[in-house]
Amino acid sequence: MRGLAVASPLAPAAAPRRPRASSSAGRGNSFTMLEERVKSRKIFGRLPKDRLLSRKFAQTLFKEFVQTSCCLAISVEQDEVNTYLPKGDMWSVHKFGGTCMGTPQRIQSVAEIILGDSSERKLIIVSAMSKVTDMMYNLVHKAQSRDESYTIALEEVFEKHMAAAKDLLDGEDLARFLSQLQSDISNLRAMLRAIYIAGHATESFSDFVVGHGELWSAHMLSYAIKKVI
């Protein structure tokens, strides 16, 4: 994988010198750890040159990068190494908000914009479909308020994305997306049930629920691009 705006490829390290605290070593290891973190997530399209990244996950990566860098630079003694940051490599970064991702037709337009960009390296960040983030927060609010209508609200979220996918995709890509959507909805139902019983949602639980909207829009855009090329 060739970089992700917050992480760059590293050249082989120079021969180690005497052990000492090194900010450059800390940054190098931070990049490596972040790349492994990114590889463990399956929210990217399978395109050779395009990467789709949800806004929430991008923010999480940045936060982890800062925390990891500070920790390594301050508290860990490392061998001094020379890190390599390539010069001249340019990225074309696109950010599409909820309105741009609001309907199947608009998602298709976004796919055409991305394909019309001749840049070799592209990073695409997307929001959830219009109004979906509010719908997801409402799910959490209803569940922790012990309002059983959260089950109906969850079904509305499912129907919205299923309808959009059926209008946008077809064949094997549609089947894969709907299978993942159904699996995610099942997991969300279990999570919301736990929140309902506890009458409380932690920040991590809320993030787990709400973040799905951005993942779904990223998945649909990925399949839409694959459909065109």
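Residues are numbered from 1 along each chain as its sequence is written. Because this is a predicted model, local features need pLDDT of at least 70 and side-chain atom pairs count only at pLDDT 80 or more, while totals for chains, interfaces and linings use all residues, and side-chain values use heavy atoms, with hydrogens and water left out.

**The whole chain**

Begin with the protein chain in cartoon view, where there are eight helices and five strands; helices (H or I, at least four residues) and strands (E, at least two) are DSSP runs, numbered from the N terminus. Followed along the sequence, these elements give the pattern β-α-β-α-β-β-α-β-α-α-α-α-α. Of the 229 residues, 43% count as buried, where buried means under 20% relative accessible area, exposed over 50%, and partly exposed in between, with a 1.4 Å probe and protein chains only. Among the contacts with a separation of 6 or more, 80% come from residues 24 or more positions apart, a contact being heavy atoms within 4.5 Å.

**Helices α3 and α8**

Next, select residues 104–116, which form helix α3, together with residues 212–228, which form helix α8; the two pack at an angle of about 60°, with their axes 9 Å apart. Axes here are lines fitted to C-alpha atoms, for helices over the stretch in contact, and angles run from 0 to 180 degrees between N-to-C directions. The helices α3 and α8 are therefore oblique to each other, since angles under 35 degrees count as roughly parallel, over 145 as roughly antiparallel, 65 to 115 as roughly perpendicular and the rest as oblique. To see the contact, show the side chains of Ile107, Gln108, Val110, Ala111, Ile114 and Leu115 on α3, and of Met220, Leu221, Ala224, Ile225 and Val228 on α8. By class, this contact of α3 with α8 holds 10 nonpolar residues, one polar and no charged ones; Ala, Val, Leu, Ile, Met, Phe, Trp, Tyr, Cys and Pro count as nonpolar, Asp, Glu, Lys and Arg as charged, and the others, Gly among them, as polar.

**An aromatic pair**

Now select tyrosine 150 and tyrosine 196, whose ring centres are 5.8 Å apart and whose planes lie at 40°, so the pair is tilted; rings of Phe, Tyr and Trp (its six-membered ring) pair if their centres lie within 6.5 Å, and planes under 30 degrees apart count as stacked, over 60 as edge-to-face and the rest as tilted. The pair links distant parts of the chain, with tyrosine 150 in helix α5 (residues 150–168) and tyrosine 196 in helix α6 (residues 171–198), 46 residues apart. Both tyrosine 150 and tyrosine 196 are buried.

**Two loop residues**

Most residues other than glycine have a negative phi. Lysine 131, in the loop between β5 (122–126) and α4 (132–144), has a positive phi near 75° and, at 61% relative accessibility, counts as exposed. Finish at arginine 146, in the loop between α4 and α5, where phi is positive and near 60° and the residue is partly exposed, with a relative accessible area of 47%.
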